[in-house]
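Here's a quick tour for anyone opening this structure for the first time. Have a look at the picture, then read on.

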Amino acid sequence: MYDFILEFLQNTQSLKTEGIIAKFIKNKNATNPHLSDKELCGLLLGSILGGYQNILTFISKMLYALLYFPQFYNLLLVKRNLCENMLCEFLRLTNLGTTSTFPRITTANIRLSKYEIPKDSVVYADVLLANRDPLVFANPTQINPFRLNNKQHLQFGRGAHSCMGQHLLQLESLLILNAILDILPHIQLDSSIAIKWDSGVILHRPQSIPVINQSKTPNT
C-alpha cells in the first residue's frame, strides 16, 4: 500500500478521480517547509488506514454485536444516554484486527514480578488481555454499559503514543449509531445468510451485515 500511494504522489500513476490523494498532490508544496513525498505518503496511510478503515471496521463490528445480542440494541432504543457507554464497552472488548497491539521498544530495564525485560527489547503488550483484566473490570468478558470505569480501556494505547484519531472514531461512531437507531429501529440479523469476514492482521471485520427490517410501516 505504501508503494502504491507513493507512485501516485510521484506522478508515476494517473488518478482517475479527484479524491483525497489528488488533493494531497495538489497542495503538497503549500506547507512551510515543504513535505517530502514519503512524508505525505505517511499522512495518507494514517488518514486512509488509521482513520477511515479503523472507523469502518469498528462500526461494522459494533453493529454486528448489537444485532447478535438484540437485547442491547433494544436497550439503546429506549435509553439513548447509554450509547456512549455501550460504545466504550465494545471498544474495550473488540480488536480492530487479528493482532492485539503494535510493537513497543523499552527505553529502560523493566522489572516485573518474576523477571526483567532488558532495555531496547521489542515488546508486544497484550491489549486485549489488559482490557479483560479482572483486577480492573469486574466480570471482564461481560458486556455492561453501566460500568463506571469502562473508559479505562487501552484500545487506543496510552500516553505520548496514544492514537491521535481516537476522538474522531468515537464521535463518528456515536453519530452513526444514533442515526441507525433513528432510521432502523426494527432491524435484526438475517440468520439465513452466512456472514463473510475480511480477516487481516491489522483489520478484521464483516464484509456485510445481512438484516431484516421488521418495521410495521408499509413498503419499508
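What follows covers a pair of helices and then some salt bridges.

## Before you start

Keep in mind that this is a predicted model.

Start with helix α4, which covers residues 70-78, and helix α7, which covers residues 166-183. Their axes come within 10 Å and cross at roughly 90°.

Now for charges. Side chains of opposite charge can pair when their charged atoms come close. In this structure there are four salt bridges.

One of them pairs Asp182 with Arg80, and their closest N and O atoms sit 2.7 Å apart. Asp182 belongs to helix α7 while Arg80 is in the loop between α4 and α5, so this pair ties together parts that are 102 residues apart in sequence. Asp182 is exposed, at 52% relative accessible area, because the cut-off for exposed is over 50%. Arg80, with 29% relative accessibility, counts as partly exposed.

## Glu84 and Lys151

Next up is the salt bridge between Glu84 and Lys151, where the closest N and O atoms are 3.4 Å apart. Here too, distant parts of the chain are linked: Glu84 is in helix α5, Lys151 is in the loop between α6 and α7, and 67 residues separate them.

How accessible are these two? Glu84 has a relative accessible area of 39%, which makes this residue partly exposed. Lys151, at 54%, is exposed.

Since Arg147 sits in the loop between α6 and α7 and Glu89 in helix α5, the pair ties together parts that are 58 residues apart in sequence.

Are Arg147 and Glu89 buried or exposed? Both Arg147 and Glu89 are buried. There's one more partner to mention: salt bridges with shared partners join Glu89, Arg92 and Arg147 into one network.

Technical notes:
Residues numbered from 1 in each chain as written. Predicted model: local features only at pLDDT ≥ 70, side-chain atom pairs only at ≥ 80, totals over all residues. Heavy atoms only, no water. Axes fitted to C-alpha atoms, helices over the stretch in contact; angles between N-to-C directions. Helix = DSSP H or I, 4+ residues; strand = E, 2+ residues; numbered from the N terminus. Salt bridge = Lys/Arg side-chain N within 4 Å of Asp/Glu carboxyl O. Buried < 20%, exposed > 50% of the residue type's maximum accessible area, 1.4 Å probe, protein only.
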